[in-house]
Amino acid sequence: MTAIKHALQRDIFTPNDERLLGIVNVCKAGKKKKNCFLCATVTTERPVQENPEFDLHFEKVYRWVASSTAEKNSFISCIWKLNQRYLRKKVEFVNVSSQLLEESVPSGESQSVAGGDEDALDEYQELSTREEQDIESMMETCEYAISNAEAFTEQLSRELQANIQSIMASEKQVNILMQLLDEALAEVDTIEGKLSSYEEMLQSVKDQMDQISQSNRLIQISNTNNGKLLDEIQFLVNYMDLSKGHIRALLEGDLSSPKGIEACINASEALLQCINVALRPGHDKLTAVKQQRELFSELRDKFARRLTNHLNNVFIHQGHDQSSTLSQHAAELTLPKHNPLHRDLLRYAKLMEWLKNTQKEMYDGLSRTYVDYMSRLYEREIKEFFEVAKIKMAGTTKEAKGKFATLPRKESALKQETESLHGSSGKLTGSTSSLNKLNVQGSNSRRSQSSSLLDMGNMSASDLDVADRTKFDKIFEQVLSELEPLCLAEQDFISKFFKLQQHVVVAPPLAQMEMEECDGNALPRMPPYMEHRHSLSSDKDMVRLMMNKIFQSIETELNSLIALGDKIDSFNSLYMLVKMSHHVWTAENVDPASYLSTTLGNVLVTVKRNFDKCISGQIRQMEEVKISKKSKVGILSFVTGFEEFAELAETIFRNAERRGDLDKAYVKLIRAVFMNVEKVASESQKTPRDVVMMENFHHIFSTLSRLKISCLDAERREAKQKYTDHLQSYVINSLGQPLEKLNHFFEGVEARVAQGVREEEVSYHLAFNKQELRKVIKEYPGKEVKKGLDNLYKKVDKHLCEEESLLQVVWHSMQDEFIRQYKHFEDLIGRCYPGSGITMEFTIQDMLEYFSSIAQSH
């Protein structure tokens with residue numbers, strides 16, 4: 001039965017957290033007897049006294065028959081114990097012996113069970129973990145704990161009885177211990193009384209200390225407030241107070257002496273610090289602060305007016321003093337230096353910065369005054385300087401001296417002329433043809449706008465020799481060399497004096513300037529960063545605007561001078577392009593955003609236009625060349641003109657920055673030369689086409705080989721090929737005439753062979769038999785051949801010109817070609833007329849003597 005109970009506990013009740021207390025094997029009373037087990041269980045959780053749960057009573061009576069009376073009694077006893085322990089409303093046991101119920105309660109504990117004490121049923125409580133461990137350790141010490149449970153139980157009972165007796169024997173010690181505990185409790189009560197009195201005393205001390213701490217905190221706050229107040233007063237005294245010496249310097253300081261200027265600078269800086277001091281919250285409401293700020297504003301306004309009036313007088317005075325030395329500098333083609341003026345004014349640079357930070361309106365007015373006076377001064381200086389430059393430049397030719405004898409002209413006349421060229425704004429608003437309209441006053445005759453070395457008229461090489469061009473180059477270089485330091489010095493002064501910081505902009509190389517199309521020619525266009533921007537959003541724009549106003553006449557005067565140089569000689573544009581490019585490159589290296597760089601860049605556009613116009617004029621002249629129908633052609637004028645242009649250009653553009661522009665011009669010119677040489681050769685009536693082509697391309701080849709222009713290597717090879725081809729063509733065509741019948745005869749022989757006739761059978765044809773051959777050969781004895789060659793030499797001499805000296809070259813080529821033909825005729829005779837013994841009336845040695853004697857006789 002124990003094994004069954006253990007199996008039911010393990011398989012059924014343990015998974016449901018229940019503990020099996022009693023079990024009985026029963027069967028239903030009746031015919032069908034089915035064995036069952038009635039189980040009495042409790043949950044492993046200890047029930048709570050107040051519980052919302054409730055149990056239901058059975059609705060009907062179940063009748064069971066136990067397997068034995070003992071099991072029935074044991075199960076009823078278990079149910080009674082559960083009833084006594086867990087149920088408030090007791091279940092009534094009917095027909096159950098009271099003796100059975102009494103036996104189910106251990107002796108000595110019946111009263112507690114009857115009273116409902118739960119401790120009487122502790123044996124039914126679940127063992128704790130420690131209890132289980134203790135039981136296991138006892139069972140391990142006893143060998144028969146499992147095999148003989150009754151003996152193990154008896155042993156435990158004996159040990160329990162011994163323990164109970166030991167406890168009862170120690171009752172005396174327990175009583176003594178209890179007495180000691182009572183005494184200890186009385187002592188504890190005494191100590192607690194003393195501690196209470198001590199606590200009352202400490203509480204009084206604590207209250208006093210809290211009062212002291214509160215007083216100390218108030219004193220500390222007062223001290224902190226006093227310190228902060230002292231700091232505020234000290235701050236106002238230090239930063240809102242201006243010394244009497246500074247006030248006196250601002251109101252009465254001498255602005256003309258170095259010491260007075262230094263004192264005014266120190267006083268103005270101190271005043272600016274007082275004005276700009278960052279007041280703390282609430283300071284502006286103090287009466288003393290308000291009074292001090294009003295004093296500072298009054299001092300600022302008075303000193304600003306004093307400074308402005310003084311500098312205005314300085315600008316006016318310096319402008320008048322500078323104008324008295326203009327004539328002396330202009331006669332020497334130099335511009336007056338303004339370094340002394342700049343040096344004197346730079347002493348006021350810090351005061352100008354102060355004025356800029358405090359009185360922007362007065363600062364702007366002073367800037368306008370400076371620009372106004374200096375623009376007038378510079379305009380007079382620059383106009384007289386350029387007038388002298390024009391006189392010297394026009395004096396490079398005798399005719400030009402007469403033209404400009406009346407210079408210098410009045411400013412109004414010059415202004416009218418420049419406005420007609422560039423418009424009233426002085427900008428390049430017109431087309432390139434507007435530059436051609438410059439008229440030189442006092443001149444009764446004009447030079448052609450496209451004058452160059454190609455002209456055979458007024459502008460000949462004798463009029464425009466190398467010395468004149470060199471002189472023009474020096475004058476133009478002198479003009480640019482004078483303008484460059486003048487503009488850079490003025491811009492540097494403006495930046496320092498007016499405290500305008502310029503931002504450096506990285507500029508692309510000059511060779512990478514953007515190109516724009518104008519009248520079919522590629523022209524350099526200034527990049528966007530070099531264009532004028534009329535905004536005052538930055539100091540850089542302010543500097544540019546001031547420079548534009550001060551030097552507003554420079555660009556106009558430069559364009560007028562360039563137009564004059566181009567008028568005198570269009571080849572001057574080569575000099576101007578090189579010089580102007582170099583100065584633009586130099587200016588960009590110094591400061592890409594400077595006024596000088598921008599202005600010279602704009603003028604460079606005009607120079608490049610004149611250069612392109614010069615190239616276009618030469619090409620146009622090539623196309624307009626007319627040759628004489630009565631005289632031989634010889635070397636064409638534009639071929640020699642190209643040679644002179646290339647020699648001059650190579651000299652000018654040596655190590656120049658704008659070599660690419662010249663290379664492009666070379667390509668345009670040489671292509672035009674090639675095209676027009678062929679055109680003239682086709683139109684020539686007096687001179688054979690091959691001779692015109694041969695002589696001119698030989699001259700072109702010689703020129704390109706001598707100058708070694710790398711960009712024209714392909715054209716040089718092409719010129720040599722054309723020269724060689726036309727030389728050979730001319731020689732072959734000319735040699736067909738001295739032995740004309742012999743040529744026709746052997747051409748017929750070659751035609752028969754080409755038609756399929758065997759070479760040895762050609763002699764059987766009637767027109768080409770041996771008799772006909774001998775007849776033709778007899779017509780050309782040595783004397784006739786020499787005579788024919790002599791006539792040929794004379795004819796070639798008439799065709800060729802003396803300048804190129806190609807007569808001997810052509811004659812030698814004809815000799816070689818004649819010998820080749822002679823050998824070819826002998827070869828045909830040997831192949832087509834074998835064994836005939838027919839030979840020419842003259843030998844190769846005879847021919848060499850003929851050619852040599854004819855050449856020597858002429």
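Helix H5, residues 129-141, contributes the largest share of a nonpolar surface patch, namely 3 residues. The model before us is a predicted one. The patch is formed by Leu127, Ile135, Met138, Met139, Ile146 and Leu156, and together these side chains present about 490 Å² of accessible area. One of the members, Ile135, is located in helix H5. Ile135 has a relative accessibility of 32% and is therefore classed as partly exposed.

Let me turn to the chain as a whole. The protein chain contains 30 helices and 5 strands. Of its 858 residues, 41% are buried. The accessible surface of the chain amounts to about 49300 Å², and carbon and sulfur atoms account for 52% of that area. As for contacts between residues at least 6 apart in sequence, 75% join residues at least 24 apart.

I come now to helix packing. Two packed helices are described by the angle between their axes and the distance between the axes. On the H14 side, the contact is made by Ile382, Lys383, Phe386, Ala389, Lys390, Met393 and Ala394. On the H19 side, the contributing residues are Ile554, Glu557, Leu558, Ser560, Leu561, Leu564, Gly565 and Ile568.

Which residue forms a salt bridge with Glu557? The partner is Lys390, with the closest N and O atoms 4.0 Å apart. This pair links distant parts of the chain, as Glu557 belongs to helix H19 and Lys390 to helix H14, 167 residues apart. Both Glu557 and Lys390 are buried. A network of salt bridges links Lys383, Lys390 and Glu557. I would point out that Lys383, Lys390 and Glu557 are also listed among the residues making the contact of H14 with H19.

From H21, the contact involves Lys608, Phe611, Ile615, Gln618, Ile619, Met622 and Glu623. From H23, it involves Asp661, Leu662, Ala665, Lys668, Leu669, Ala672, Val673, Asn676 and Lys679.

Side chains of opposite charge can pair when their charged atoms come close. In total, the structure holds 27 salt bridges. How far apart are the closest N and O atoms in the salt bridge of Arg706 with Glu643? They are 2.6 Å apart. Arg706 sits in helix H24 and Glu643 in helix H22, residues 637-652, so this pair ties together parts that are 63 residues apart in sequence. Arg706 is partly exposed, with a relative accessible area of 45%, while Glu643, at 16% relative accessibility, counts as buried.

A further salt bridge joins the side chains of Arg671 and Glu715, at 3.7 Å from N to O. Again the pair links distant parts of the chain: Arg671 in helix H23 and Glu715 in helix H25 are 44 residues apart. Arg671 has a relative accessible area of 35% and is partly exposed. Glu715 has a relative accessible area of 10% and is buried.

Next, Glu477, which is placed in helix H17, residues 466-497. At 22% relative accessibility, Glu477 counts as partly exposed; the cut-off for buried is under 20%. Apart from neighbours within four places in sequence, Glu477 is in contact with Lys579 and His583. Glu477 and Tyr575 are separated by 98 residues in sequence, and their C-alpha atoms are 9.2 Å apart in space.

Finally, the backbone. Most residues other than glycine have a negative phi, and most peptide bonds are trans. Asp17 is situated in the loop between helix H1 (2-13) and strand E1 (18-28), and with a relative accessible area of 46% it is partly exposed. Lys708 likewise is not a glycine, yet has a positive phi of about 55°. Lys708 occupies the loop between helix H24 (689-707) and helix H25 (713-735). With 68% relative accessibility, Lys708 counts as exposed.

Terms used:
Residues are numbered from 1 along each chain as its sequence is written. This is a predicted model: local features need pLDDT of at least 70, side-chain atom pairs count only at pLDDT 80 or more; totals for chains, interfaces and linings use all residues. Side-chain values use heavy atoms; hydrogens and water are left out. Patches are made of residues with over 30% relative accessible area and no salt bridge: like charges are joined within 9 Å, nonpolar side chains (Val, Leu, Ile, Met, Phe, Trp, Tyr) within 5 Å. Accessible areas come from the Shrake-Rupley method with a 1.4 Å probe; for residues, only the protein chains shown count as cover. Helices (H or I, at least four residues) and strands (E, at least two) are DSSP runs, numbered from the N terminus. Buried means under 20% relative accessible area, exposed over 50%, partly exposed in between (1.4 Å probe, protein chains only). Contact means heavy atoms within 4.5 Å.
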